[in-house]
Amino acid sequence: MIRILIGCFMALVVCSCNEDIKQQNLKVGTYRAILKAEDNQEIPFVFEVKSPTELHIINAEEVIKVDEVDYRNDSIFIKAPVFEGFLAATFEGDNLKGSYIKESLDRVVPFSAEYNKKNRFEVTSEAKENVAGIWETVFNHNDADDQYIAKGVFKQEGSKVTGTFRTTTGDYRYLEGVMDGDQMKLSTFDGAHAFLFTAKVSDSTMEGTFYSGNHWKAPFVAKRNASYELPSTDELTFLKEGYDSLEFSFPDENGTIISLSDDRFKNKVVIVQIMGTWCPNCLDESIYFNEFYEANKDKDFEIVALAFEYAKTEEKAFNSISRLREKLNISYPILLAQYGTSDKEKAQEKLPMLNHVLSYPTSIFIDKSGKVQKIHTGFNGPATGEKYEAFKADFERFVGGLLSE
């Protein structure tokens with residue numbers, strides 16, 4: 001049914017294009033956009049149009065440059081860097097109305113954008129609470145089999161709130177929003193994920209709901225805890241008993257099968273990156289890894305990425321890999337380990353020496369003798385501030401130690 005809806009929407013947009021329709025372009029200025037979530041909730045975000053073919057999506061300190069803007073008469077298609085999802089809409093005066101579409105996942109989310117609107121959320125009353133600080137958080141707290149923990153880290157100035165939730169497998173990137181009375185509202189949109197967090201806040205507790213697009217939601221509770229820390233991310237994924245090394249053989253974009261036993265990896269420190277081109281935390285990690293690789297690739301050091309793609313065909317999966325490589329100018333190999341699903345149990349079948357694949361991304365540190373020295377689950381990106389800086393310092397120290405052996 002979803003495929004039919006996608007086809008009908010695309011047909012409607014394309015069929016509206018005829019020689020009698022005058023092309024309309026985005027106006028320079030700010031748009032407030034909305035994606036529809038469950039429970040009649042709205043996931044707002046803001047983008048600033050710099051020119052008809054360039055806009056910036058803004059989430060707190062994050063600015064995402066978008067330069068893939070395609071016009072087809074009265075219709076517009078906006079594609080954020082790297083990720084597969086795109087916005088497709090028609091003009092209604094200066095405004096937009098259409099959908100956010102992820103074809104490989106058969107997802108369509110209603111989308112609209114209003115020109116000359118700057119406020120992500122409207123504030124109806126003065127902030128009664130201040131959420132600045134650290135919050136010990138549990139998502140799906142009423143379901144013992146599905147609950148997971150997180151660390152909320154927030155700043156607040158007046159009614160404006162920024163920050164993120166860190167989990168054991170990564171972070172929810174740059175969140176921005178408001179404290180409206182005692183109601184906290186936070187959102188983000190990065191081209192891959194659309195998140196909304198709403199919560200009723202008291203001095204020491206909060207209770208709310210996390211929405212992801214229009215397909216998933218989870219309740220959460222949190223309490224202030226300035227000393228709260230998540231479990232070590234270096235102990236969650238490990239080699240099964242009897243293994244001390246990693247083995248794989250997967251193709252690159254040229255069809256060349258690459259294995260860890262190849263000469264290019266022998267007697268070198270190697271980072272194996274388990275990732276997906278659809279994954280924002282993987283994007284953050286890839287940006288950092290690429291910078292480190294360029295500075296250290298002449299020091300007996302290699303990185304190889306294993307991409308687990310939900311694209312439905314091998315061709316589309318490789319197209320996504322090529323797009324990521326070109327956008328980030330990545331020079332280390334990215335291999336296609338799996339396509340058609342990003343299911344973690346399926347991924348673990350491709351790497352049976354691991355106890356599980358818990359998170360995208362996961363990084364495996366291998367010494368010059370070929371033995372696994374550490375496995376790091378998840379990635380805390382720039383949105384986590386001090387945690388990101390601490391990760392980089394630890395990464396560089398650990399890799400430096402392996403290189404000196």
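Trainee: In this predicted model, how far apart are the end C-alpha atoms of helix 5, and what span should its 19 residues have?

Mentor: Helix 5 covers residues 386-404; at 1.5 Å a residue it should span 27 Å, and its end C-alpha atoms are 27 Å apart, so the two values agree.

Trainee: Which residues of helix 5 are buried?

Mentor: Start with the general idea. An α-helix has 3.6 residues a turn, so residues three or four places apart point the same way. In helix 5, the buried residues are Tyr 388, Phe 391, Lys 392, Phe 395, Phe 398, Val 399, Leu 402 and Leu 403. They lie on the same side of helix 5, because the arc they cover around the axis is only 140°.

Trainee: Which exposed residues sit on the face turned away from that buried side?

Mentor: Glu 386, Arg 397 and Ser 404 are the exposed residues there. As for the buried residues of helix 5, their cover includes helix 2 (280-296) and strands 21 (269-275), 22 (301-308), 24 (362-366) and 25 (372-377).

Trainee: Now the sheet. What is the order of strands in the open sheet of 9 strands?

Mentor: In general, strands of a sheet pair through backbone hydrogen bonds, either parallel or antiparallel. Here the order is 4-3-2-1-9-8-7-6-5, and the pairing is antiparallel. Strand 4 (62-66) and strand 5 (68-72) are at the edges; each has a single partner strand, so one side of each has no neighbour in the sheet. On average, neighbouring strands of this sheet are turned by 25° against each other, direction ignored.

Trainee: How many bridges join strand 5 to strand 6?

Mentor: There are 5 bridges between strand 5 and strand 6 (residues 75-79), and the two run antiparallel. Among the residues involved, Glu 68 has Lys 79 in strand 6 as its bridge partner.

Note on methods
Residues are numbered from 1 along each chain as its sequence is written. This is a predicted model: local features need pLDDT of at least 70, side-chain atom pairs count only at pLDDT 80 or more; totals for chains, interfaces and linings use all residues. Side-chain values use heavy atoms; hydrogens and water are left out. Two strands pair if DSSP finds at least two bridges between them. Helices (H or I, at least four residues) and strands (E, at least two) are DSSP runs, numbered from the N terminus. Axes are lines fitted to C-alpha atoms, for helices over the stretch in contact, and angles run from 0 to 180 degrees between N-to-C directions. The expected span of a helix is 1.5 Å times one less than its number of residues. Buried means under 20% relative accessible area, exposed over 50%, partly exposed in between (1.4 Å probe, protein chains only). The arc is that of the directions from the helix axis to the C-beta atoms. Contact means heavy atoms within 4.5 Å.
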